[in-house]
Amino acid sequence: MAYAAFDPDLPPHLLAQLGDDDPAVRRIAVREVNDEFDSEGLAVYLRASRDAAAEVRLEAAQALEGIGARPAVESLLALLGDADAEVRRAAAASLSELRDGEGGPLLVAALASAEGVSRAAILGGLRKLREPAALAPAVESLRDPLAAVRREAVGVLAYLRDARAIEAIAERVDDPSPEVRRAATGALGFAGAEGLPVARAALLAALRDADWQVREEAAATLGKLLDPAAGEGLIDALLRDTYWEVRLKAANALGRLKARAAVPALLAALEHAVSNLRKEAANALEAIGDRSALPRLRRAAAEDPDLEVRKTAQRIVGAWQAGR
């Protein structure tokens, strides 16, 4: 195996194990190098990624996780085409952990010829790198037939936070895949003033999505955008959604918006069976600051069956009575 030629500074026992005829021994040696030397063992991982035994290549793929050096990215890209499915999955997972290094342009170039799950893995690697050159191929990937590719493309664009991508992301709120729709609703949270009308329209539509997790994400994102024009749609979600999780996010968003028009709906939410929603409604009323809610909050402070709700209401009532 000639590992000494790659890293002569390794301890002799590891060099011997890396050159052993038994692939199980070689795999354990690669793992030990990873445990003791981490990215300093790059030369070993690169060699192990070309090992004849799939179990050794698997260990190498895992050891290369997050290493952004160009040779490491090249090896992971090669392992995406490995004959062993487990090795391919490990390589994809390791690519998704990239955070810095020289790999961005290499991954962008690899997208041009990649297909299917390999394309999704490459986009996963690009996500946290914030590589500007990934903007155009990520937008193009939003139309890929594979949902996993579209989802990863949304992730790339969310990290890039480039306003030019807002319209393309908004279109994915109608994606056939609920996972892609959920990713798109979350990604619209970076819309600035220029992209706000497009983002708002898409998110208000998402509040009526068939999937409750998409609706939940839409409500949370509208709260982040701090767009007063979203108040009516959020009040409707708070009053009518069949999932308390969605109603909770709507209550939180209305509090962030300081939407006085939401006070009646929030007072109604103080009667909900789920204590988490009652507590969030109380917090939203505090954020809005409408003292007309004080009598109902006093009752919650004294009578709510949940201790956390009572404590929250007591804190708000005390602060308001003290003039804070």
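How many helices and how many strands are there in the protein chain?

1. Overall fold. The protein chain has 20 helices and zero strands. Its radius of gyration is 26 Å, well over the 20 Å that the globule rule gives for 324 residues, so the chain is more spread out than a compact globule. The C-alpha trace spans about 80 × 40 × 30 Å along its principal axes, and 51% of the 324 residues count as buried. Please keep in mind that this is a predicted model.

2. A search of the whole structure turns up 25 salt bridges. One of them joins Arg119 to Asp144, with 3.7 Å between the closest N and O atoms. Arg119 belongs to helix H8 (residues 116-127), while Asp144 sits in the loop between helix H9 (135-141) and helix H10 (147-160), so this pair ties together parts that are 25 residues apart in sequence. Arg119 counts as buried because its relative accessibility is 9%, and Asp144 is buried too, at 14%.

3. Arg181 and Asp209 meet through their side chains in a salt bridge of 2.7 Å, N to O. Here Arg181 is in helix H12 (residues 178-187) and Asp209 is in the loop between helix H13 (196-206) and helix H14 (212-225), so parts 28 residues apart in sequence are tied together. Both Arg181 and Asp209 are buried.

4. A pair within one helix. Arg240 bridges to Asp236, the closest N and O atoms lying 2.6 Å apart. The two are four residues apart in helix H15 (residues 231-240), which means that about one helical turn separates them. Arg240 is exposed, with a relative accessible area of 60%, whereas Asp236 is partly exposed at 38%.

5. Charge on the surface. Where does negative charge gather in a patch on the surface? Look at Asp20, Asp21, Asp22 and Glu55. Of these, Asp22 lies in the loop between helix H1 (12-18) and helix H2 (23-37), and its 36% relative accessibility makes it partly exposed.

6. An exposed loop residue. Ala52 is found in the loop between helix H3 (42-48) and helix H4 (54-63). Its relative accessibility is 76%, so Ala52 counts as exposed.

Terms used
Residues numbered from 1 in each chain as written. Predicted model: local features only at pLDDT ≥ 70, side-chain atom pairs only at ≥ 80, totals over all residues. Heavy atoms only, no water. Patch = residues over 30% accessible without salt bridge, like charges linked within 9 Å, V, L, I, M, F, W, Y side chains within 5 Å. Areas by Shrake-Rupley, 256 points an atom, 1.4 Å probe, with all protein chains shown as cover. Salt bridge = Lys/Arg side-chain N within 4 Å of Asp/Glu carboxyl O. Lys, Arg positive; Asp, Glu negative; His and termini not counted. Charge placed at Lys NZ, Arg CZ, Asp CG, Glu CD. Buried < 20%, exposed > 50% of the residue type's maximum accessible area, 1.4 Å probe, protein only. Rg over C-alpha atoms; globule rule 2.2 N^0.38 Å.
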